[in-house]
Amino acid sequence: MRVNVVSDVHGNAKDLATAGDGADALICLGDLVLFLDYADHSRGIFPELFGVENADLIVQLRTARRFEDARELGRRLWGELDIDRETAIEAAVRRQYAELFAAFPTPTYATYGNVDIPALWHEYARPGTTVLDGERVEIGGRVFGFVGGGLRTPMRTPYEISDEEYAAKVEAIGEVDVLCSHIPPDIPELTYDIVARRFERGSRALLDALRRTRPRYALFGHVHQPLVRRMRVGATECVNVGHFAAGGRPWSLSW
């Protein structure tokens, strides 16, 4: 049995269309939407609406952790548009979801990332794509648990939830063979991004679950350039499956 796993797709529909090749199933750990490409500021919803120069500026502000200045820039730019903010974003996200969900092979098991909009997923998930969040599924005789979304940060991305709500989802899936999430467990080596030079938020609830239930694997993404991509926590092999938008290649698990 083999499953291919991707995370942080961020608009890469071309490579997503072949991500399941040679595997019995594809697992997607979220962040389908591309709002702004930090490597190529001409790509994403933000530059489509406001141009590359403003994309350059907001990346500079966020990288410098000047989040309030970045929000002020955003408020000014949205105020200059003739279209409602939510309407404009939803229309752009819908265009991306239509292309990305069409690229999923059958079967695909997917959960949300922090930049996704969960309310829209069921409109685009075709037969053969199973969306899971705080839920379990058996694949090839192994039990996989899925926990979507991220924890609250100054970035205020669309699907950030409280630590308590996140912990409840982790608790709901119970003991599994493979624990799949968008964000990593709260371990410094796994949460530090060496290019952005900052710690992303990891989950203490995930870490506690690894120590308590001892799954074989914990799979996640979210941190695009982690200090450490793979490490063991007790009986569990923790794996950052990679930044699919940049690399275009899935990580594979076979048994």
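Strand E3 (residues 108-110) runs parallel to strand E4, and 3 bridges join the two. Strands here are DSSP runs of E with at least two residues, and helices are DSSP runs of H or I with at least four residues, both numbered from the N terminus. Two strands pair if DSSP finds at least two bridges between them. Within this pairing, tyrosine 109 has threonine 130 of E4 as its bridge partner.

The model is a predicted one, in which local features need pLDDT of at least 70 and side-chain atom pairs count only at pLDDT 80 or more, while totals for chains, interfaces and linings use all residues. Residues are numbered from 1 along each chain as its sequence is written, and side-chain values use heavy atoms, with hydrogens and water left out.

Strands E3 and E4 belong to an open sheet of 5 strands with mixed pairing, in the order E4-E3-E2-E1-E15. Strand E4 (129-131) and strand E15 (251-254) form the edges; each has a single partner strand, so one side of each is left without a neighbour in the sheet.

The structure also holds 1 cavity of 30 Å³ or more. A cavity is a set of points, on a 1 Å grid over the protein atoms alone, where a 1.4 Å probe fits but cannot get out; lining residues have an atom within 4 Å of a point. The lining of the largest cavity consists of Val170, Ile173, Gly174, Val176, Leu179, Ala209 and Thr213. Helix H7 (163-173) and helix H9 (204-213) are the elements that each give two or more residues to this lining.

Technical notes
On a 1 Å grid over the protein atoms alone, a cavity is a set of points where a 1.4 Å probe fits but cannot get out, and a pocket is an open set with protein on both sides within 12 Å along at least five of seven lines; lining residues have an atom within 4 Å of a point. Grid points are joined across faces, edges and corners, and a volume is the space filled by probe spheres set on the points.
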